[in-house]
Amino acid sequence: MAATRAPVLYSPELLALAVELADHPYDREAIAQGNARSRSCGSVIELSSAQDDYLAKVGLKVTACAVGQASAAIFAREAQGINTDDVRGVLVSLSDWLEGDVPSTILPRLQLLEPARPHRGRHEAILLPWRAALDALSKPSAPR
């Protein structure tokens, strides 16, 4: 009987997502800024947004493994225009997906992260951009 092969964690498609991060440079002058750090792997994501009540012109500074970078690239494309409630909703859905309770149709291209689901140590890296967004949108805005 032939052994089944597990999906490759670091597929060429997953690795290619990291290149997209160059399209979303972090803006130190942006009105909203947030960050998130993974306690399990030490990955860090800093996020900037041109708006403080929804995500606009999202910028990212990512220090993470390839899974975290891929997740950040998926986030950057899908998160434009969403607000705090939307971010919270996606975080819940992603957590459920990571536990195997829902299919990967939550977000476009999420199926590229499917091989990371069995690796619990990668779960926080997948959630980091959404947590950084929640941090940025949850801070009181500075007077304009």
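## Exercise 1: Two loop residues

Let us start with His119, a residue of the loop between H3 and H4. Keep in mind that this is a predicted model.

**Task.** Decide whether His119 and Arg109 are buried, partly exposed or exposed.

**Solution.** 
- Step 1: Recall the cut-offs: buried is under 20% relative accessible area, and exposed is over 50%.
- Step 2: His119 has a relative accessible area of 39%, so His119 is partly exposed.
- Step 3: Arg109 is also found in the loop between helix H3 (84-98) and H4. Its relative accessibility is 15%, so Arg109 counts as buried.
- Step 4: Now see what Arg109 touches. Leaving out residues up to four places away in sequence, its contacts are Leu17, Glu20, Ala73, Ile74 and Arg77.
- Step 5: For His119, compare sequence and space: Leu9 is 110 residues away in sequence, yet the two C-alpha atoms are 9.1 Å apart.

## Exercise 2: An aromatic pair

**Task.** Find the 1 aromatic pair of the structure and work out its geometry.

**Solution.** 
- Step 1: The partners are Phe75 and Trp130, with 4.8 Å from centre to centre.
- Step 2: Their planes make an angle of 90 degrees.
- Step 3: Phe75 belongs to helix H2 (residues 66-78) and Trp130 to helix H4 (residues 123-138), so the pair ties together parts that are 55 residues apart in sequence.
- Step 4: Phe75 is buried at 0% relative accessibility, and Trp130 is buried too, with a relative accessible area of 2%.

## Exercise 3: Cysteines

**Task.** How many disulfides does the structure hold?

**Solution.** 
- Step 1: Take the sulfur of Cys65: the closest cysteine sulfur, in Cys41, is 5.5 Å away.
- Step 2: A disulfide needs sulfur atoms within 2.5 Å, so the sulfur of Cys65 is too far from that of Cys41 for a bond.
- Step 3: The count is therefore 0 disulfides.

## Exercise 4: The largest cavity

**Task.** Which residues line the largest cavity, and what kind are they?

**Solution.** 
- Step 1: The largest cavity holds about 30 Å³ of space.
- Step 2: Its lining consists of Ser71, Ile74, Phe75, Leu94, Leu107, Leu110, Leu113, Ile126 and Trp130.
- Step 3: H2 and H4 are the elements that give two or more residues to this lining. H2 has the largest share, with 3 residues.
- Step 4: Sorted by kind, the lining has 8 nonpolar residues, 1 polar and no charged.

Conventions. Residues numbered from 1 in each chain as written. Predicted model: local features only at pLDDT ≥ 70, side-chain atom pairs only at ≥ 80, totals over all residues. Heavy atoms only, no water. Phe/Tyr/Trp six-rings, centres within 6.5 Å; stacked < 30°, edge-to-face > 60°. Helix = DSSP H or I, 4+ residues; strand = E, 2+ residues; numbered from the N terminus. Buried < 20%, exposed > 50% of the residue type's maximum accessible area, 1.4 Å probe, protein only. Contact = heavy atoms within 4.5 Å. 1 Å grid on protein atoms, 1.4 Å probe; cavity = no way out; pocket = protein on both sides within 12 Å on 5 of 7 lines; lining within 4 Å. Points joined across faces, edges and corners; volume = space filled by probe spheres on them. Nonpolar A, V, L, I, M, F, W, Y, C, P; charged D, E, K, R; others polar.
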